[in-house]
Amino acid sequence: MTTTRFDAFDDVAPGDFALAYLVFNTISNVTTQNGQVDVFRNAAAHLRPGGLFLIEVGVPDLRRLPPGQDTVPYAVTPDGQGGGYVGFDRYDVATQLFTSNHVTVAPDGTGRFWTVPFRYAWPAEMDLMARIAGLRLRHRWSDWDRAPFDADSVQHVSVWEKA
């Protein structure tokens with residue numbers, strides 16, 4: 001099996017492949033819809049007929065947002081010595097952009113804050129991106145164990161096939 005690493009936006013790798021994949025929310029690092037469509041198109045361009053494009057990505061926690069709130073905490077972890085970690089996502093539902101925000105505090109009170117930008121896309125939107133790229137949905141699961149994807153799923157593993 002040959003493994004080639006390339007930029008998902010527009011790099012061209014020699015040959016065609018049976019599988020292209022983006023795991024651990026990588027597609028969300030592409031912060032525009034056009035950019036995400038370009039990723040699907042580039043993946044499709046590198047697949048042989050019958051080749052598969054797989055994405056593992058979280059489903060946004062928007063159901064946890066009451067009206068007027070834009071932030072969802074996901075981790076509050078004291079370290080037992082007076083410091084700790086806080087993690088929270090901040091959503092802009094109008095643009096589908098969000099940031100993952102991280103705060104660490106040392107026992108001496110010094111701290112660090114950093115943020116990482118993302119763009120979320122619903123599974124149905126990704127299906128449309130795939131269709132634009134000439135791919136069709138073959139599988140969608142809730143996890144790597146192939147549990148059924150449903151309204152309560154917090155992530156999905158989706159597989160599209162090149163015709």
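Where does N25 lie? In this predicted model, N25 is located in the loop between β1 and α1. Its backbone has a positive phi of about 70 degrees, although N25 is not a glycine, and the residue is partly exposed, with a relative accessible area of 28%. When residues up to four places away in sequence are not counted, V23 touches L54, E56 and W144. The C-alpha atoms of V23 and R136 are separated by 19 Å, the two residues being 113 residues apart along the chain.

The helix α1 comprises the 13 residues 33-45, and at 1.5 Å a residue these should span 18 Å; the C-alpha atoms at its ends are 18 Å apart, in agreement with that expectation. The buried residues within α1 are G35, Q36, V37, V39, F40, N42, A43 and A44. In general, an α-helix has 3.6 residues a turn, so residues three or four places apart point the same way. The cover over the buried residues of α1 includes the strands β1 (17-22), β2 (47-58), β6 (111-119), β7 (135-141) and β8 (155-162), together with the helix α2 (123-132).

The crossing in which α1 passes α2 is right-handed. On the side of α1, the residues in contact are Q33, Q36, V37, F40 and R41, and these meet E125, M126, M129, A130 and I132 of α2. By class, this contact between α1 and α2 has six nonpolar, two polar and two charged residues. Among the α1 residues that take part in the contact, Q36, V37 and F40 are also listed as buried.

The segment before β1 contains D16, which counts as partly exposed at 38% relative accessibility. Leaving aside neighbours within four places in sequence, D16 is in contact with H46, L47 and R48. From D16 to A151 the C-alpha to C-alpha distance is 35 Å, and the two residues are 135 residues apart in sequence.

In strand β8, E161 is buried, with a relative accessible area of 14%, which lies under the 20% cut-off for that class. Beyond its neighbours within four places in sequence, E161 is in contact with G50, G51, L52, G134, L135, R136 and R138. One of these contacts, R136, lies 25 residues from E161 along the chain, with the C-alpha atoms of the pair separated by 5.3 Å.

A positive phi is also found at Q96, a residue other than glycine, where the angle is near 65 degrees. Q96 is placed in the loop between β4 (84-92) and β5 (97-105). Q96 is buried, with a relative accessible area of 19%, whereas N25, with 28%, is partly exposed.

Note on methods:
Residues are numbered from 1 along each chain as its sequence is written. This is a predicted model: local features need pLDDT of at least 70, side-chain atom pairs count only at pLDDT 80 or more; totals for chains, interfaces and linings use all residues. Side-chain values use heavy atoms; hydrogens and water are left out. Helices (H or I, at least four residues) and strands (E, at least two) are DSSP runs, numbered from the N terminus. The expected span of a helix is 1.5 Å times one less than its number of residues. Buried means under 20% relative accessible area, exposed over 50%, partly exposed in between (1.4 Å probe, protein chains only). Contact means heavy atoms within 4.5 Å. A crossing is left-handed if the near helix is turned anticlockwise from the far one by less than a right angle, and right-handed if clockwise. Ala, Val, Leu, Ile, Met, Phe, Trp, Tyr, Cys and Pro count as nonpolar, Asp, Glu, Lys and Arg as charged, and the others, Gly among them, as polar.
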